[in-house]
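Let's take a walk through this structure together. Have the sequence and the 3D view at hand, and follow along as we go.

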Amino acid sequence: MKLELDKKTLIMGILNITPDSFSDGGFFYSAEAAVAHAKKLIADGADILDIGAESTRPNFTPIDAETEISRLEKILPAVKNLGVPISIDTYKPEVAEFALRAGADIINDIHGEMFDVAKKFDAPIIAMHNRKFTGDVISDIKNFIGSTAREDLQIIFDPGIGFNKTQEENLIVLKNLREFKNVPLLLGASRKSVIGYATGFDVNNRDEATGAICVLAVAQGVNIVRVHNVAMVSKMCKMADSLIKNIGGVYN
């Protein structure tokens, strides 16, 4: 498949089927809760579901591939036909292959390495900048994009807010997303600690700030925003699209 990125900002709804994710760990751990939340995310405006079966929050405890797959196999059969593409948030090739065979469509790879798996299944891949570096963060992300780009795959780049960056570097990236607008971009800043750093808001009070970041991201050319509160952010991005991309309203 290939994602259409030029018509509107796509809203990726987060579905964490984990006991320990940083803002919603345990909420959707059961199959029943996960499926119900998937349906709600879609009803609220999600264009893509991003399912994660292992938390990658700071200082997370890794799980093995078998455990991750066992969590996914309870969910994927029930959500693969809900009418939106399914993204799998994993960094393990065996988990990605299982999920793609089971009906998922997209790989969301926090290490930005699983290009062979994506090619094997003709799947789009989200490749995150997540590496130690020295010097300027914007330049290093540009170098990552340049060294990673391939013509035989649809690669969506994620600048990696919260991954191997200081809070000051996270803010620099958010302010300068337009520097990467010549490639497809996904932004995942929902409820992250950079918001707390900038505002003092705790993790349970960061949705409005997330929405503000997403609107600014749309203005800077971001194609996909990955969020927890789909109902709120989808409305904000629809208005931003109307103003910026001439979609809908009086701008048609």
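How many residues does helix α10 have, and what span does helix α10 reach from its first C-alpha to its last? In this predicted model, helix α10 covers residues 230-244, which makes 15 residues, and reaches 20 Å, close to the 21 Å expected at 1.5 Å a residue. Several of its residues are buried: Val230, Val233, Ser234, Cys237, Ala240, Asp241 and Ser242. An α-helix has 3.6 residues a turn, so residues three or four places apart point the same way.

Now look at β3, residues 86-89. On one side, β3 pairs with β2 (residues 48-52) in the parallel sense over four bridges, and Leu49 stands opposite Ile86. Strand β3 also pairs with β4 (residues 106-109), again in the parallel sense, over three bridges; here Ile88 stands opposite Ile107. Both faces of β3 are covered, with Ile86 and Ile88 buried on one side and Ser87 and Asp89 buried on the other. To get from β3 to β4, follow helix α4 (residues 93-101): together the three make a right-handed β-α-β unit.

Next come the charged side chains. Side chains of opposite charge can pair when their charged atoms come close. The count here comes to 14 salt bridges. One of them joins Lys120 and Glu97, with the closest N and O atoms 3.1 Å apart. Because Lys120 lies in helix α5 (residues 115-121) and Glu97 in helix α4, this pair ties together parts that are 23 residues apart in sequence. Lys120 is exposed, at 53% relative accessible area, whereas Glu97 counts as buried at 19%.

Another salt bridge links Asp207 and Arg191, whose closest N and O atoms are 2.8 Å apart. Asp207 lies in helix α9 and Arg191 in the loop between β7 and α8 (193-199), so the pair ties together parts 16 residues apart in sequence. Both Asp207 and Arg191 are buried.

Finally, return to Asp89, one of the buried residues of β3. Asp89 is linked with Asp50 and Arg226 in a network of salt bridges.

Definitions and conventions:
Residues are numbered from 1 along each chain as its sequence is written. This is a predicted model: local features need pLDDT of at least 70, side-chain atom pairs count only at pLDDT 80 or more; totals for chains, interfaces and linings use all residues. Side-chain values use heavy atoms; hydrogens and water are left out. Two strands pair if DSSP finds at least two bridges between them. Helices (H or I, at least four residues) and strands (E, at least two) are DSSP runs, numbered from the N terminus. Buried means under 20% relative accessible area, exposed over 50%, partly exposed in between (1.4 Å probe, protein chains only). A crossover is right-handed if, with the strands pointing away from the viewer, the path from the first strand over the helix to the second runs clockwise. The expected span of a helix is 1.5 Å times one less than its number of residues. A salt bridge is a side-chain nitrogen of Lys or Arg within 4 Å of a carboxyl oxygen of Asp or Glu.
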